Amino acid sequence: MTTYVLVHGAWHGGWCWRRVAARLREAGHEVHTPTLTGLGERAHLAGPEIGLRTHADDLLGLLRYEDLREVVLVGHSYAGLVVREAADRMPGRVSRITMVDAWAGRDGESLDDLAPAFFRDWIASVTVDGLIPPAPAATVGVTEPDQVAWLEPKLTPHPRRTFSEPARLSGAVDTIPCRAVLCTPGGPMPFARLADEHGWAATVLDAGHDAMVTAPGALADVLLQDACGS
């Protein structure tokens, strides 16, 4: 049995992993889908003071209080920064990391540092009171009407500081086996380049950026390979 911790990206919550988690549990594995502070069912805690460090602490708290060990950490999009910082601070609890279309920087780098100019400009134009409102579902590759109807009402504003706060990494995270799952390798975001710069093996998935919504079975099958260490 493998223990998975699936960490959602910006504007989402643990709810977005529902179909992927069900598939992993059916295969006999333990799955945790935490919701980061200020998002999803924890949206009432949202505020401009919430940063990357807050979310890394959320994840560390889960590992510690659920006494999770030999964990496969899965980070989607923004959560790539979250899982890497948490793993760096508690590397003995993590066996593998999987980055799903995810941001990944070095010590001292923030998402703002890694993002293309058009994305930073959009963030600057829409942020209100330290929160970034969600964009339409189509921007994350979700266009099927039933999927849009399921996704959009659940998206919540995301704390701006999480994108500007730089990562704190000692280098311990780079000793943990990691691979990338690229859902939009030819898209405008630099996920493929970041994976290449870190030297990670990559699996290309024919899905939009929100693969847990548009292709949950295919994403689950890729994650199940982690249970075999492949």
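Does S77 count as buried or exposed, and at what relative accessibility? At 11% relative accessibility, S77 counts as buried, where buried means under 20% relative accessible area, exposed over 50% and partly exposed in between, with a 1.4 Å probe and protein chains only. S77 sits in the loop between β3 and α3, and its phi is positive, about 55°, although S77 is not a glycine.

Before going on, a word on what you are looking at. This is a predicted model, in which local features need pLDDT of at least 70 and side-chain atom pairs count only at pLDDT 80 or more, while totals for chains, interfaces and linings use all residues. Residues are numbered from 1 along each chain as its sequence is written, and side-chain values use heavy atoms, with hydrogens and water left out.

## The sheet

Let us start with the strands. Helices (H or I, at least four residues) and strands (E, at least two) are DSSP runs, numbered from the N terminus. Strands of a sheet pair through backbone hydrogen bonds, either parallel or antiparallel. Here, two strands pair if DSSP finds at least two bridges between them.

The model has an open sheet of six strands in the order β2-β1-β3-β4-β7-β8, with parallel pairing. Its edge strands are β2 (30–32) and β8 (201–204), each of which pairs on one side only. From one strand to the next, the twist averages 20°; the axes behind such angles are lines fitted to C-alpha atoms, for helices over the stretch in contact, and angles run from 0 to 180 degrees between N-to-C directions.

The table below walks across the sheet, pair by pair.

| Strand pair | Bridges | Sense |
|---|---|---|
| β1 and β2 | three bridges | parallel |
| β1 and β3 | five bridges | parallel |
| β3 and β4 | six bridges | parallel |
| β4 and β7 | four bridges | parallel |
| β7 and β8 | four bridges | parallel |

Strand β1 (residues 3–7) is largely enclosed by the rest of the structure, because five of its five residues are buried. On one side of β1 are T3, V5 and V7, on the other Y4 and L6, and all of them are buried. V5 has H32 as its bridge partner in β2. The chain passes from β1 through α1 to β2 in a right-handed β-α-β crossover; right-handed says that, with the strands pointing away from the viewer, the path from the first strand over the helix to the second runs clockwise. Towards β3, T3 is partnered with V71, and L6 with V74.

Strand β3 (residues 71–76) is mostly covered too, with six of its six residues buried. V71, L73 and G75 point one way, V72, V74 and H76 the other way. V72 stands opposite R96 in β4. From β3 the chain crosses through helix α3 (residues 79–89) to β4, again as a right-handed β-α-β crossover.

Further along, T98 has R179 of β7 as its bridge partner, and L182 stands opposite V204 in β8. Another right-handed β-α-β unit is made by β7, helix α8 (residues 191–198) and β8.

W11 lies in the loop between β1 and α1 (18–26). Although W11 is not a glycine, its phi is positive, about 75°. W11 is buried, with a relative accessible area of 13%.

## Pocket and cavity

On a 1 Å grid over the protein atoms alone, a cavity is a set of points where a 1.4 Å probe fits but cannot get out; a pocket is an open set with protein on both sides within 12 Å along at least five of seven lines, and lining residues have an atom within 4 Å of a point. Grid points are joined across faces, edges and corners, and a volume is the space filled by probe spheres set on the points.

The largest pocket has a volume of about 550 Å³. Its lining takes in 29 residues, with F119, T139, V140, M189 and H209 nearest its centre. Helix α5 (residues 117–126) gives the largest share of that lining, three residues. By class, the pocket lining divides into 17 nonpolar, 10 polar and two charged residues; Ala, Val, Leu, Ile, Met, Phe, Trp, Tyr, Cys and Pro count as nonpolar, Asp, Glu, Lys and Arg as charged, and the others, Gly among them, as polar.

The largest cavity holds about 30 Å³ of space. M99, A102, A180, L182, F191, A195 and W200 line this cavity, a lining of seven nonpolar, no polar and no charged residues.
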